[in-house]
Amino acid sequence: MNDHLHTLDRLLDALAACQRGELPLPQLAEQWRSAANALPLPPRYATVLGDLLDRIEASALFSEESCSFSQKDLLAGLQLWADKARGALNS
C-alpha cells in the first residue's frame, strides 16, 4: 500500500476512535489537519477539509448536538471527504 493511502487509513482509524468516544474532537481535528497536509490532493480538498475541521472544533465547545453543529453529521462529512480523497489518490 502506498504511503498516502496508509496516511488516509490512519485518519480513518482516528475517526473511528472518535466515534467510539475514545478520541476527543479537538485531538481528532489536530491529527487530521497535520496528516492531511501531506496528501497530494487538489487544493479544493484542503479547503473543504479545513471548513469541516473548523466546524468540528467549534462543535467541541458544546456537550450535546446543537442547532448549528451536528457532531454526527460533521464526522460523517469527514468519512465522505476520506472516501473522495481515496478515489482521487487512486486515480
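## Helix packing exercises

In helix α1, residues T7, R10, L11, L12, A14, L15 and C18 meet L25, L28, Q31, W32, A35 and A36 in α2, where contact means heavy atoms within 4.5 Å. By class, this contact of α1 with α2 has 10 nonpolar, 2 polar and 1 charged residues. Ala, Val, Leu, Ile, Met, Phe, Trp, Tyr, Cys and Pro count as nonpolar, Asp, Glu, Lys and Arg as charged, and the others, Gly among them, as polar.

The model is predicted: local features need pLDDT of at least 70 and side-chain atom pairs 80 or more, while totals for chains, interfaces and linings use all residues. Residues are numbered from 1 along each chain as its sequence is written, and side-chain values use heavy atoms, leaving out hydrogens and water.

**Exercise 1.** Work out how the axes of α1 and α2 cross.

*Solution.* Start with the axes of α1 (residues 3-19) and α2 (residues 25-36): they come within 10 Å and cross at roughly 175°. Next, apply the cut-offs: angles under 35 degrees count as roughly parallel, over 145 as roughly antiparallel, 65 to 115 as roughly perpendicular and the rest as oblique. So α1 is roughly antiparallel to α2.

**Exercise 2.** Is Q71 buried or exposed?

*Solution.* Locate Q71 in helix α4 (residues 71-90). Its relative accessible area is 18%, and buried means under 20%, exposed over 50%, partly exposed in between (1.4 Å probe, protein chains only). So Q71 is buried.

Terms used
Helix = DSSP H or I, 4+ residues; strand = E, 2+ residues; numbered from the N terminus. Axes fitted to C-alpha atoms, helices over the stretch in contact; angles between N-to-C directions.
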